[in-house]
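Please look through the sequence and the model shown here, and then read the short report that goes with them.

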Amino acid sequence: MINAQRNLAFFALAVSTALLSGCADGGPASSAAPSPMLKGGGARGDVAVNNLAEVPRAAVVGGREALSRAVASNEGLTPPREFAAQHSKQGVVVIEPGTALTRVSLPITSADGARVAVGSFVKGREPKSAALHAMTLRTPAGDSVEPKLGPVHPATEGEPATKIPLHSGVWELQSTHPSGDFSIELAPAVQAAGARVLIFEPKSTLDMAVLTVTPFVAAGTTGAVRVTLMDGTRPVLGAALSAHLSTPTREDGPSVAMHEVGGGVYEGTVGDTLTKSDPSDVYTVRVDASGVSPSGLRFVRSGGSAFTYVVPTGRFASAGTPRLVRDASGAVTSFDADFAIEASSADRFEVTALLTRTGDDGLEHPVAEAQTADDLEPGTHTITLSFDAGYPQIAGSDGELHVRKVTLYSQGHNVLLQRDDAGFGLAFPKVRLRELKALAVVPPGLQRALEHGALHMGPLPAPAQR
Amino acid sequence: MKFLQAAIGMVVGAVGLLASTTASAKNAVIYVHGTADWNPGGVYMNCNGAQCVFDPIYWGSSSACGTYSCGLFGWFTCDDSCWLWGSGAAENYWESGNVSSMANGENYLVVSYQGLSNAPTVGWGQVVDQIQEYVQTFGITDITIVTHSDGANVIRYAEAHPTQPSPTGSGNTWNSAVGSRLAATILMAGTNKGTPLADEVYTLINLPIIGDIADLLIGSAGYVGPAVLYQEQANMQAANYNWTFGATPDEGQSYTSYWLNGAYLWDFAGQGTSYNVFGGQCDSYWEAFGLWTVSGLVGWNWYGDNPSGNTDGFVGQDSATYIGMQWMTSNNQQNHNQSRRACGSVAPEEQYILYGVNNYGW
């Protein structure tokens, strides 16, 4: 209920502010707005491309389509979230098909709560239950480990309550087990089919963090992948790393050469093996590491991180001066902004942006979103974003409105081409609330938000717990 | 203070005025399932109250039921009777009684789409096509969308790119199918940040237990489907970062997305107080067993020894609450299967949805 009150008060304050500031001057474009012309040949923003590519015509077509809709946030805008490293406390030991080995070593740095499971390479060739039953996991001292048991089968289902074997080939270790090199005895069927053995050590201090330092890699450029191996606060030195790309269809791609930088950090280069004929999409860097921890225990770790590979088919060439569109009565019906798109290939381009106002809390809050898409041939074209004035009107927005989070997206190739979080610094001329034309029809979602005071992106009134 | 009162009065008055603009609303709840292939040629459940009709235009006839995989009820218990259920996602994924109950007397549509064979960046096309035909056929004006699991990503993609034509070639867009009709999207157990299960599917492609249980969870059509692989956590991080699914909430996401939360909702364990998880009240012991096994392998709870696991056995709480606003809270444990089904005497998620529809709906 507190949230409900807060939201209602917030909305009321917004309206109050609008009424109080009703005498604010309107006028031409804000003098504070920087030049809308883009710098550096059109490349700007946290995702920016310069090296346009000519690729086959995108199959997606749909004609020009534009819309405007309400958005709301009471938290205020933030930059795109940090691209974080993926952490791993698991590793995989590979048993090649046809191996003559009858026993394989499994290095475990922390047995407490560790899980071991056996899988195989090809569906249909996996070791069957009988083969898995014949395998034994042994501690470093040679003692066998009992397979994991499942939960009690409820007697309510007409069967006696009992614990069942979790499936052969799965073990869970305990804190009483020692750390070190466990071993698994292979059944003949496993030797023939090969296997992959998962070792998961949730309580191990040995962590592998994989980060694609460059979340976006444009064709013709390269990025970096960084692997950090730490055992608590101690860096893991001299580890053996292998890495490769995984394609968007999850097929194994080219290897990524890794080298040790020092301090537990290892790096490699990505993007150098991709060409403009490779599809724009998300690619994953898979990393396997093995070595000896500072405390002298052998370990294995497997993990990965991903990046977006972009073959740019277009970019923002310039952004025109934002303008107010008025009807015959003088009411502002929309806030329009033109964007010149330089297309190097035939594609369907989508331009999206937010319209924001500064709230009483001093933060910028989005009030509307606009999106326009069109099929463009190579050349330079204009795409216009049109924000319906009814959304800032219903939110009680007054004064200067800004364009933020401008994106250029390829609908033909499903990839983000360019993004400028600051919206190229575009700002609309100041306008009075009473000048804004109200919505002819209020969408149901917006009406619901108004009724419940949630317009500004706060939680709904808290219901009683059930 | 007077000014504040005047402002509130203005808001109330405005709301009253606004309400009149939708007096002739025709509401519908639309259910979007998660990672599974449900053949769109199956039975079309368009129910208005007790009257259910089949629409052969898009969905074909019930004779197509034989093409279904056994899906969620497969592997352990699959036999010929599985095929006879044959009403696609409405029966095998959601259960028809449950979707009817959640709709609370409103019209509803249960979409069926290739949600395993297609990544969410593609699978949304069939969903939009079906919504468009449904909306036009029945004159729907207000839509509440309820998703489960990867259905969240399907809707997130479509909503983020409302001007993109459907990949099916129909020319339909989210804007034309849903657009301003959208009242809310309720994302149940959404894999917005992916799931460790998808990571392990890659890591141990054919680990028998992963494979078989993945079959159990997501259909025997092949668990190494594009949608599963897409839900790898690293992949989803990149996709979220590059705004494939639109901006995140603090980056300007629409206010219409909600999720569920609760003290124990995400505390999936295996025994003790979590009797409901294996209680057999709304899913089979073996389904719960599958979730329990998988969650343990990826580091979540086994025997409740890791209460910080915060999972429903398939997706983590952090992933499910990544986007949108909290809809309401719950203290009832629900595993990933139970959260979309009726659970006997225990308050199920359906009641939460029902609660929301009653209290925040039309």
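The report below takes up a pocket, a residue in a loop, a helix and a sheet in turn.

## The second largest pocket

This is a predicted model, and the description begins with its second largest pocket, which has a volume of about 750 Å³. The lining of this pocket is made up of 40 residues, and those that lie nearest its centre are A:Ser280, A:Asp281, A:His413, A:Asn414 and B:Thr121. Sorted by class, the lining has 19 nonpolar residues, 17 polar residues and four charged residues.

Which elements give two or more residues to the lining of the second largest pocket? In chain A they are β21 (281-292) and β30 (415-420), while in chain B they are α6 (120-138) and α11 (226-230). The element that gives the most is α11(B), with three residues.

## A serine in a loop of chain A

In the loop between β25 (332-343) and β26 (347-358) of chain A sits A:Ser345. Is A:Ser345 buried or exposed? A:Ser345 counts as buried because its relative accessible area is 2%, and the cut-off for a buried residue is under 20%.

The surroundings of A:Ser345 can be described through its contacts. Leaving aside residues up to four places away in sequence, A:Ser345 touches A:Ala53, A:Glu54, A:Val55, A:Thr313, A:Leu376 and A:Pro378.

## A covered helix in chain B

Helix α12 of chain B, which spans residues 233-241, is mostly covered, with eight of its nine residues buried. The buried residues of α12(B) are B:Ala234, B:Asn235, B:Met236, B:Gln237, B:Ala238, B:Ala239, B:Asn240 and B:Tyr241. In an α-helix, residues three or four places apart point the same way, because there are 3.6 residues a turn.

Just after α12(B) comes B:Trp243, a residue that takes a positive phi of about 60°.

## An open sheet in chain A

Four strands of chain A form an open sheet, in which the order is β4-β11-β6-β7 and the pairing is antiparallel. The edge strands of this sheet are β4 (103-108) and β7 (144-145), each of which pairs on one side only.

How many bridges join β4(A) to strand β11 of chain A? There are six bridges between β4(A) and β11 (residues 180-185), and these two strands run antiparallel. Within this pairing, A:Ser105 stands opposite A:Ser183 in β11(A).

Conventions. Residues are numbered from 1 along each chain as its sequence is written. Chains are lettered from A and ligands numbered from 1 in the order in which they are written. This is a predicted model: local features need pLDDT of at least 70, side-chain atom pairs count only at pLDDT 80 or more; totals for chains, interfaces and linings use all residues. Side-chain values use heavy atoms; hydrogens and water are left out. On a 1 Å grid over the protein atoms alone, a cavity is a set of points where a 1.4 Å probe fits but cannot get out, and a pocket is an open set with protein on both sides within 12 Å along at least five of seven lines; lining residues have an atom within 4 Å of a point. Grid points are joined across faces, edges and corners, and a volume is the space filled by probe spheres set on the points. Ala, Val, Leu, Ile, Met, Phe, Trp, Tyr, Cys and Pro count as nonpolar, Asp, Glu, Lys and Arg as charged, and the others, Gly among them, as polar. Buried means under 20% relative accessible area, exposed over 50%, partly exposed in between (1.4 Å probe, protein chains only). Contact means heavy atoms within 4.5 Å. Two strands pair if DSSP finds at least two bridges between them.
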